Amino acid sequence: MPIEFDYWWRIILPPVAGGVIGYFTNDLAIKMLFRPYKPIHLWGRRLPFTPGLIPRNQERLAKRVSDTIMNSLLTPEELQKLAKRLLQIDRVKSAILWLLQLALKQIKEDKQQKTAKILADILRDLFGDSIPKLLKTLSRRGDFLETQINQIFDRILLELRMNESQARQLSDWLLKVVFSPDLIRQALINFLTDRNINVIDEGFKEKTSGTYWVVANLFGVKNALSRLRSFCLDDKETANTRIQELLLSLEIRTRLKEFFLDLSLQNLPVATVKQLRETTNNAVRDYLQEKGAELLHEFSYSIDWDKISVLIVNRLQSSSVVNSSLEVISEELALILERYLEEDLEKIVTEAIPILSIDQVIIDRVNATSPEQLEVATQSIVKNELQAIVNLGGVLGVFIGALQSLILWFSN
């Protein structure tokens, strides 16, 4: 009986021992990939197989993972395809629209008026410095504003005519301010000097003939002109009254009004209009070249840009046009971006890869991951596969032990 038990024990023991050894050996080998997490030292010397295989070679593993991903997965071609998928026009449009809405919301919530201050600085610099310098440079060109000035001349000045009310008001103003009786009287006094009277008298005598010569030489005009000047000097009120009566009798107001009603550049000869247009063009260009920059500079400093910027920003905040045009603007910007990317996406991706340093990011992330986290991540991904390896070790151990038992059986 003891002999039979010993015999069967030797037959059964190899498969059992082989299965146990194969199972736990594979399990131990898998655990030694990660454990121990840190090196173990004994009497100042690091024990072999500490730390585990992966913690010990984590830097090399990180480099290998980075090279594999960059050479196989994140190639420039794949990144370009990924960028095209991410930058589809609908996605880009939505992103731009969200940014515009966010910016508008930020402006509305801006209690310190930072946007208005920035806008004020921009307008102040634009009108006070940038545009004057640009105007000074452009005005040196021979064709500067030529088309615009000609259009203004043809469409406004050439067709400009007064209506009856304007002609009447201008005539009244001229008779009241420019051709008032007192001013006309004073002009006569200033004109009828002794020298002028002598010149008129001598000229009248020399250049007249016939009856006028007789009158000029017998009576002359010197005496009449001298008496007229004395009358204007000595009797101001009567002279003003007589001049006023003369203006009324001659219907100067009516004549002036008719003159202004008929006044138009279209009534001038074509050559005169052409010359006047050219003169106007040169005059405007010369003025802008000499004083345009200074004018704009002074104009900029005379305006309260801070107040105007606040008004503009407040208007934009409540403008329905701005809110309704955000989607249109985002769509147009998306189309522009799409056309740009179609031409330069490959170049952008090629230049972006070194800038982004994706390979170094992968290496840093792998090195920053603790061995515990690596083990947990690996176990979560290939848990079933690792357990299958452990089980396979047990099965192989049982199989080898069974072969040994068969050999022992047949040998006896």
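**Exercise 1. Work out how far apart Glu-245 and Arg-242 are in helix 13.**

Step 1: Glu-245 and Arg-242 sit 3 residues apart in helix 13, so about one helical turn separates them. Helices here are DSSP runs of H or I with at least four residues, strands are E runs of at least two, and both are numbered from the N terminus.

Step 2: The two residues form a salt bridge, with their closest N and O atoms 3.7 Å apart. That term means a side-chain nitrogen of Lys or Arg within 4 Å of a carboxyl oxygen of Asp or Glu.

Step 3: Glu-245 is partly exposed at 42% relative accessible area, and Arg-242 is partly exposed at 45%. Buried means under 20%, exposed over 50%, and partly exposed in between (1.4 Å probe, protein chains only).

A quick note on the model: it is predicted, local features need pLDDT of at least 70, side-chain atom pairs count only at pLDDT 80 or more, and totals for chains, interfaces and linings use all residues. Residues are numbered from 1 along each chain as its sequence is written, and side-chain values use heavy atoms, leaving out hydrogens and water.

**Exercise 2. Find which parts of the chain the salt bridge of Arg-253 and Asp-172 links.**

Step 1: The side chains of Arg-253 and Asp-172 meet at 2.6 Å, N to O.

Step 2: Arg-253 belongs to helix 14 and Asp-172 to helix 8 (residues 164–178), so this pair ties together distant parts of the chain, 81 residues apart.

Step 3: Arg-253 is partly exposed at 40%, and Asp-172 is partly exposed at 30%.

**Exercise 3. Decide whether Arg-185 is buried or exposed.**

Step 1: Look for its partner: Arg-185 forms a salt bridge with Asp-182, with 2.8 Å between the closest N and O atoms.

Step 2: Arg-185 has a relative accessible area of 4%, so it's buried. Asp-182, at 37%, is partly exposed.
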